[in-house]
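The sequence and the structure come next.

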Amino acid sequence: MTGEPRRRVIAAIGLLLAAAALICAYFVITPRQQSAETAIGAADVAPYLMDGDVICRMGDRVWSSLIGSLSPGERRFSHLGIVRIRDGGTSVINAECLTQGRSESVNETRLPDFLALARKVGVYRANFTDGAALSDKAVEYLGRPFDWDFDLADESKIYCTELLYAVIMHIAPGYVPETAHPQWAGKPIVLPEAVPNSPGFDEVVYIAP
């Protein structure tokens, strides 16, 4: 094939690849719209929260289910953060990736924004240490970039469950968070289900509309 027909085929292939990329970007980056019946709002969760609670969610994005599927047991959650309550306001400190409008880093986000992507939510309270200590220590990690190496030994970068792991190892080193058998490049990882499966955390509330 030569000349104009060949150029048209190449152009058509290019358009198809561009369309595929746009479709992937839509499903990966754009949250799915939740109906009023299934949306979980701050009013549903806030009455149960105390400073330092761990809040887990199953997100509504493509990779959320993939992360949840890594768990060898229950697969209710794909992400977590640490609740911060100060001056009457409630926020969540969490390490985010593939975000819109925010850097891939440890940030402090409003509770409604954290819940905007949630299809399931669980709140868990540490019974081995004071929750305020978890919250205060988490603040020290704000701004650290997301850890795409998933390396628990390196605190210069942090992924979502690594944040909780690092905080606990500093303030309560006698309690060792569970790491999962699934490994990333030969490194042990911490999955969100390590919290509800741990005797160190009591379930406060679980919401799954």
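## Cavity, polar contacts and helix packing

Helix 6 (residues 160–171) contributes the most to the lining of the largest cavity, with three residues; helices (H or I, at least four residues) and strands (E, at least two) are DSSP runs numbered from the N terminus. This is a predicted model, in which local features need pLDDT of at least 70 and side-chain atom pairs pLDDT 80 or more, while totals for chains, interfaces and linings use all residues. Residues are numbered from 1 along each chain as its sequence is written, and side-chain values use heavy atoms, without hydrogens and water.

A cavity is a set of points on a 1 Å grid over the protein atoms alone where a 1.4 Å probe fits but cannot get out, and lining residues have an atom within 4 Å of a point. The count is one cavity of 30 Å³ or more, and the largest cavity has a volume of about 80 Å³, the space filled by probe spheres set on the points, which are joined across faces, edges and corners. Among its lining residues are Leu80, Thr161, Tyr175, Glu178 and Phe201.

Asn107 lies in strand 4 (residues 106–110) and is buried, with a relative accessible area of 12%, where buried means under 20% (1.4 Å probe, protein chains only). Its side chain reaches two partners, listed here with their distances.

| Partner of the Asn107 side chain | Distance |
|---|---|
| Glu96 side chain | 3.0 Å |

In helix 5 (residues 131–139), the buried residues include Leu134 and Ala138.

Methods:
1 Å grid on protein atoms, 1.4 Å probe; cavity = no way out; pocket = protein on both sides within 12 Å on 5 of 7 lines; lining within 4 Å. Buried < 20%, exposed > 50% of the residue type's maximum accessible area, 1.4 Å probe, protein only. Polar contact = N/O pair within 3.5 Å; in protein donor to acceptor, adjacent residues only side chain to side chain.
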